[in-house]
Amino acid sequence: MRCGAARTQRGFCRGLLGVLLLSPLLAALPNPLPLAAQELDSGHLYLREAGRRVGTERFRVWQTGSTVNAFATVEMVQRAAWQIRLQMDLNLLPVKYEIRDGVSALVSGERFPDRIRFHFATPDGERWKEYPVQDVAAILQPGIAHHYLVLVRALREAPDGRLKAILPLDGRTVTVRLAARTEERVSLDEESVDATRYDVDMEGARHQVWLDADDRLLRVLDAAGREALRAPAGS
């Protein structure tokens with residue numbers, strides 16, 4: 001995910017994402033944000049599969065100094081809540097990453113000059129996996145809606161509208177490209193909002209992401225049919 005600091009201030013600073021350093025990764029979401037922080041987006045998403053409510057995702061995106069931060073709590077039926085944190089630099093490259101399942105870290109990642117290294121905790125023990133740094137333009141976990149917000153921002157800044165992303169829990173990399181964009185409206189409860197729909201191709205699988213004029217995340221529909229829809233303000 002690359003763009004210059006000026007472009008980050010101009011575009012991505014209206015609605016991007018990233019997180020905290022590894023020790024702050026263990027801290028709770030600041031509420032309220034520090035005075036020096038700029039909130040980029042925050043919201044409450046309803047998660048659906050086959051038209052049925054299966055969970056909620058609450059996320060916040062903010063910038064502090066040269067770091068763009070993001071945090072989300074995902075609560076699903078019949079699964080412990082996840083906490084997801086990501087940190088990126090002003091070139092929009094991921095620096096550190098973590099998914100926690102309650103008190104346990106399912107996966108944590110850290111970027112080094114030549115590689116990014118992930119640590120996994122499994123019932124069978126610990127394991128590590130490394131990727132060349134050039135294969136880590138984005139981090140994506142399918143089913144986590146705010147990751148698609150990051151992905152669209154990155155693809156819009158990519159010179160040819162494509163990049164490589166890592167799916168850490170799947171243990172693989174994919175090539176992702178921005179296939180199309182369309183002006184549409186999104187219905188949020190009784191409200192209809194002007195939006196841009198971004199069609200994202202992930203090696204033949206089509207994902208759709210809707211953002212409003214302020215680059216706020218409104219809706220995600222992934223290739224598996226999972227939907228995330230922004231709840232009305234105050235929900």
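**Exercise 1.** Leaving aside its neighbours within four places in sequence, which residues is Phe 118 in contact with?

*Solution.* The model is predicted, so local features need pLDDT of at least 70, side-chain atom pairs count only at pLDDT 80 or more, and totals for chains, interfaces and linings use all residues. Residues are numbered from 1 along each chain as its sequence is written, and side-chain values use heavy atoms, without hydrogens and water. Contact means heavy atoms within 4.5 Å. With that cut-off, the partners of Phe 118 include Tyr 97, Trp 128, Tyr 131, Ile 139 and Ile 166. Val 107, Arg 127 and Pro 168 are also among them.

**Exercise 2.** Find the residues that touch the most other members of the largest nonpolar core.

*Solution.* A nonpolar core is a set of buried Ala, Val, Leu, Ile, Met, Phe, Trp, Tyr and Cys residues joined through side-chain atoms within 4.5 Å. Buried means under 20% relative accessible area, exposed over 50%, and partly exposed in between (1.4 Å probe, protein chains only). The largest core has 50 residues, and those touching the most other members are Tyr 97, Phe 118, Leu 151, Leu 163, Val 176 and Leu 217. Helix α3 (residues 145-157) gives this core its largest share, eight residues. Helices (H or I, at least four residues) and strands (E, at least two) are DSSP runs, numbered from the N terminus. Val 186, Val 193, Trp 210 and Leu 229 are among the seven residues of a second, separate core.

**Exercise 3.** Locate Ala 50 and state its phi.

*Solution.* Ala 50 lies in the loop between β1 (38-49) and β2 (52-64). Its phi is positive, about 55 degrees, although Ala 50 is not a glycine. Most residues other than glycine have a negative phi. Ala 50 counts as exposed because its relative accessibility is 83%.
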